[in-house]
Amino acid sequence: MTLEKISRAASVPGYVRTLSQQEELPLLRDHLLRLDAESRHDRFNGFLDDSFIERYAARCADDGTVIVAYIVDGVVRGAAELHPPEGDSLPEVAFSVEASARRQNVGTVLFSRLIAEARWRGYKSLRITTGAENHAMRALARKFGAHLQFRHGESTGTIDLTKTPQDELADLAAAPFKAGRALLSFNSTCWKLLSSMYGNRAA
């Protein structure tokens, strides 16, 4: 089974799946063109015209960029991009969500799926860059372990994909005062691991 399978998101009305290369140009392009001025500024760290968006989407369709899309009624309302590494650089990720799909856990669902795609392709680390004013993206990146640094008007950081659920549990044990808050955002894998640990002790 590949990651091209469609997956439903429990807390959102649409679904998430990886676009085929043939779908990327029309669907990603139209999504990016629908972004309002503020969202477009956050996504590209500046106000850019439609012609730039069209060229950008065409390049993504040609260079092997993976697009994980949040789709409602056949329309892409959110997109997570996994750009292949160039030379010695790390693969880079980027996100955009239309205003109509915000505050529905879409960013978290897209980020989780994108990390799964990256691990499936054998990547060990990811690079993320976001504008200084994109507070939502910075918070989401930190939620998934990104260590961000601010310079030249933007925040950049990396995400370690080699970290396992066992490592995350060890971090919690080392920082008990943060454990309660962190556990609220754990995925189902971690919950199963916790249940297994406590079940074994009881036995």
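**Chat about a predicted model: loops, strands and helices**

Colleague: Starting with Asn105, how does that residue count in terms of accessibility?

Modeller: Asn105 counts as partly exposed, because its relative accessibility is 35%, between the cut-offs of 20% for buried and 50% for exposed. Bear in mind that this is a predicted model.

Colleague: Where is Asn105 found?

Modeller: Asn105 is in the loop between strand 5 and helix 4.

Colleague: And what is phi of Asn105 near?

Modeller: Phi of Asn105 is near 70°, which is a positive value in a residue other than glycine.

Colleague: Which loop holds Arg103?

Modeller: Arg103 also sits between strand 5 and helix 4, and that helix covers 106-120. Phi of Arg103 is near 60°, again positive in a residue that is not glycine.

Colleague: Arg103, buried or exposed?

Modeller: Exposed: the relative accessible area of Arg103 is 85%, and the cut-off for exposed is over 50%.

Colleague: Let me step back. How many helices and strands does the chain have?

Modeller: The chain has 8 helices and 8 strands. It has 203 residues, and 39% of them are buried.

Colleague: What share of the contacts in the chain comes from residues 24 or more positions apart?

Modeller: Among contacts with a separation of 6 or more, 59% are between residues 24 or more positions apart.

Colleague: Which way does strand 4 pair with strand 3, parallel or antiparallel?

Modeller: Antiparallel, over 7 bridges, with strand 3 covering residues 66-72. Ala69 has Ala79 in strand 4 as its bridge partner.

Colleague: What do strand 3 and strand 4 form, and how many residues are between them?

Modeller: They form a hairpin with 2 residues between the strands. Asp73 is in the turn, and its phi is positive, about 55°.

Colleague: How many bridges are there between strand 4 and strand 5?

Modeller: There are 6, in the antiparallel sense, and strand 5 covers residues 92-97. Gly78 is opposite Val97 of strand 5, while His83 is opposite Glu92 of that strand.

Colleague: Now strand 2. Which residues point which way?

Modeller: Strand 2 covers residues 15-18; Tyr15 and Arg17 point to one side, Val16 and Thr18 to the other, and all are buried. Strand 2 pairs with strand 3 in the antiparallel sense, over 4 bridges. Thr18 stands opposite Val68 of strand 3.

Colleague: Changing topic to helices. What describes two packed helices?

Modeller: The angle between the two axes and the distance between those axes.

Colleague: What are those values for helix 2 and helix 3?

Modeller: Helix 2 is residues 37-44 and helix 3 is residues 50-62; their axes come within 13 Å and cross at roughly 50°.

Colleague: Left-handed or right-handed crossing?

Modeller: Helix 2 and helix 3 cross in the left-handed sense.

Colleague: Which residues meet there?

Modeller: From helix 2, Arg40, Arg43 and Phe44; from helix 3, Asp50, Phe52, Ile53 and Tyr56. By class, that contact has 4 nonpolar and 3 charged residues, and no polar ones.

Colleague: What about Arg29, which helix is that in?

Modeller: Arg29 is in helix 1, residues 21-34. Arg29 is partly exposed, because its relative accessible area is 25%.

Colleague: Which residues is Arg29 in contact with, leaving aside neighbours within four places in sequence?

Modeller: Arg29 is in contact with Glu24, Ile53, Glu54 and Ala57. Arg29 and Ala57 are 28 residues apart in sequence, and their C-alpha atoms are 5.2 Å apart.

Colleague: Last one, Thr129. Where does that residue lie?

Modeller: Thr129 lies in strand 6, residues 125-131. Thr129 counts as partly exposed, because its relative accessibility is 22%. Thr158 is 29 residues from Thr129 along the chain, with 8.8 Å between their C-alpha atoms.

Technical notes
Residues numbered from 1 in each chain as written. Predicted model: local features only at pLDDT ≥ 70, side-chain atom pairs only at ≥ 80, totals over all residues. Heavy atoms only, no water. Axes fitted to C-alpha atoms, helices over the stretch in contact; angles between N-to-C directions. Left-handed = near helix turned anticlockwise from the far one by under 90°. Contact = heavy atoms within 4.5 Å. Nonpolar A, V, L, I, M, F, W, Y, C, P; charged D, E, K, R; others polar. Pairing = 2+ DSSP bridges. Buried < 20%, exposed > 50% of the residue type's maximum accessible area, 1.4 Å probe, protein only.
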